[in-house]
Amino acid sequence: MAVAADRTSVASRPVQRYKLRVGMFAWILHRLTGLALVGYLVLHVWGLKAITNPEAYNALITSYHAPIFKVGEFLLLGAVIYHALNGLRIVLIDFVGWSPNQKRLFWTLGAVAAVLFAVGGYPSIAALVDHLNG
């Protein structure tokens, strides 16, 4: 009877609600960074068509020094680091069997990602601060 009552209550809910846990958060962020990297790749390939025209190429490279591109570089670095390290986490869980430790693995690789993000993002942020200060 309890099972039938549970099925009824589940069927009466219009939308299934999921609890946002570390694994689901990692999954969602992995998909979003993957989509962002595909979007960047499309823009990058589109920008490469300027390589055949020296004037267009110089104009494109000059536009890359704008502050918005420095912020974009910083976000791109974050997406690459997160996507790569979470992909490593998925490989370790799937092929090495680190499934019981996946939460600890997520936070450990998150700490590594934060260090890589800070060290790798410093040139972009420093260039942005220099541009804004003068």
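## Confidence of the model

The structure is a prediction, and its chain has an average pLDDT of 85, with 90% of the residues scoring at least 70. Where pLDDT is low, predicted coordinates should not be read in detail.

## A nonpolar surface patch

Eight side chains are named in a nonpolar patch on the surface: Tyr18, Leu20, Met24, Phe25, Trp27, Ile28, Leu32 and Leu35. Together they have about 870 Å² of accessible area.

One of these residues, Leu35, is located in helix H2, which spans residues 22-48. Leu35 counts as exposed because its relative accessible area is 61%, above the cut-off of 50%.

## The largest pocket

The largest pocket holds about 500 Å³ of space. Its lining consists of 15 residues, and those closest to the centre are Tyr40, Leu43, Phe69, Gly72 and Leu76.

Helices H2 and H4 (67-96) each contribute at least two residues to this lining. The greatest contribution comes from H4, which supplies seven.

## The salt bridge

The model contains one salt bridge. It joins the side chains of Glu73 and Lys70, with a distance of 3.8 Å from N to O. Both residues belong to helix H4 and are three residues apart, about one turn of the helix.

Lys70 counts as buried because its relative accessibility is 15%, under the cut-off of 20%.

Note on methods:
Residues numbered from 1 in each chain as written. Predicted model: local features only at pLDDT ≥ 70, side-chain atom pairs only at ≥ 80, totals over all residues. Heavy atoms only, no water. Patch = residues over 30% accessible without salt bridge, like charges linked within 9 Å, V, L, I, M, F, W, Y side chains within 5 Å. Areas by Shrake-Rupley, 256 points an atom, 1.4 Å probe, with all protein chains shown as cover. Salt bridge = Lys/Arg side-chain N within 4 Å of Asp/Glu carboxyl O. Helix = DSSP H or I, 4+ residues; strand = E, 2+ residues; numbered from the N terminus. Buried < 20%, exposed > 50% of the residue type's maximum accessible area, 1.4 Å probe, protein only. pLDDT = per-residue confidence, 0-100. 1 Å grid on protein atoms, 1.4 Å probe; cavity = no way out; pocket = protein on both sides within 12 Å on 5 of 7 lines; lining within 4 Å. Points joined across faces, edges and corners; volume = space filled by probe spheres on them.
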